[in-house]
Amino acid sequence: MLGIAITTTRRLHDLKAAAVQALADRDMALIGEQLAADRAARAQGLTDALWRRLHEQHRDLTAHIVRLTAERDAARGAAEEARAEAEEARAQLDPK
């Protein structure tokens, strides 16, 4: 009888230890899932921030290109006008 009681006590102790281990494993899995979710959310936040910054830089660069194009076109117009004036001045100075 004592042997049965000892064996039963050991089995109960082993079952209790297994149950505690199972709960600890479950808790660790839940913590791992939460950490993974937190990392994914943080990565998504960083991705969103980088995407917004890239969009802002693209907008700024496009505006800069538009300004440079307008300046180039104005400079070309001024150069053509100066060239025409120079040809007119040569024509007036050069008697034919």
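Is Met28 buried or exposed? Met28 is exposed, at a relative accessible area of 55%. Exposed means over 50%, buried under 20%, and partly exposed in between, with a 1.4 Å probe and protein chains only.

## Basis

This is a predicted model: local features need pLDDT of at least 70, side-chain atom pairs count only at pLDDT 80 or more, and totals for chains, interfaces and linings use all residues. Residues are numbered from 1 along each chain as its sequence is written, and side-chain values use heavy atoms, with hydrogens and water left out.

## Overall form

Helix 1 covers residues 2-93.

The C-alpha atoms fill a box of roughly 140 × 15 × 5 Å along the principal axes. The radius of gyration is 41 Å, whereas a compact globule of 96 residues would have one near 12 Å. That radius is taken over C-alpha atoms, and the globule rule is 2.2 Å times the number of residues to the power 0.38.

## Surface

Buried residues make up 0% of the 96 residues. The protein chain exposes about 8,900 Å², and carbon and sulfur atoms supply 63% of it. Accessible areas come from the Shrake-Rupley method with a 1.4 Å probe; for residues, only the protein chains shown count as cover.

Met28 lies in helix 1. Together with Ile31 and Leu35, Met28 makes a nonpolar surface patch of about 300 Å². Patch residues have over 30% relative accessible area and no salt bridge; nonpolar side chains (Val, Leu, Ile, Met, Phe, Trp, Tyr) are joined within 5 Å, like charges within 9 Å.

## Charges and salt bridges

The protein chain carries 15 positive and 16 negative side chains, and the centres of the two sets lie 12 Å apart. Lys and Arg count as positive, Asp and Glu as negative; His and the chain ends are not counted. Each charge is placed at NZ of Lys, CZ of Arg, CG of Asp or CD of Glu.

There are four salt bridges, each a side-chain nitrogen of Lys or Arg within 4 Å of a carboxyl oxygen of Asp or Glu. One of them joins Glu56 and Arg53 at 3.5 Å, N to O. Both residues sit in helix 1, three residues apart, about one turn of the helix. Glu56 is partly exposed at 31%, and Arg53 is partly exposed at 42%. Arg72 and Asp73 also form a salt bridge, at 3.1 Å, N to O.

Methods: Helix = DSSP H or I, 4+ residues; strand = E, 2+ residues; numbered from the N terminus.
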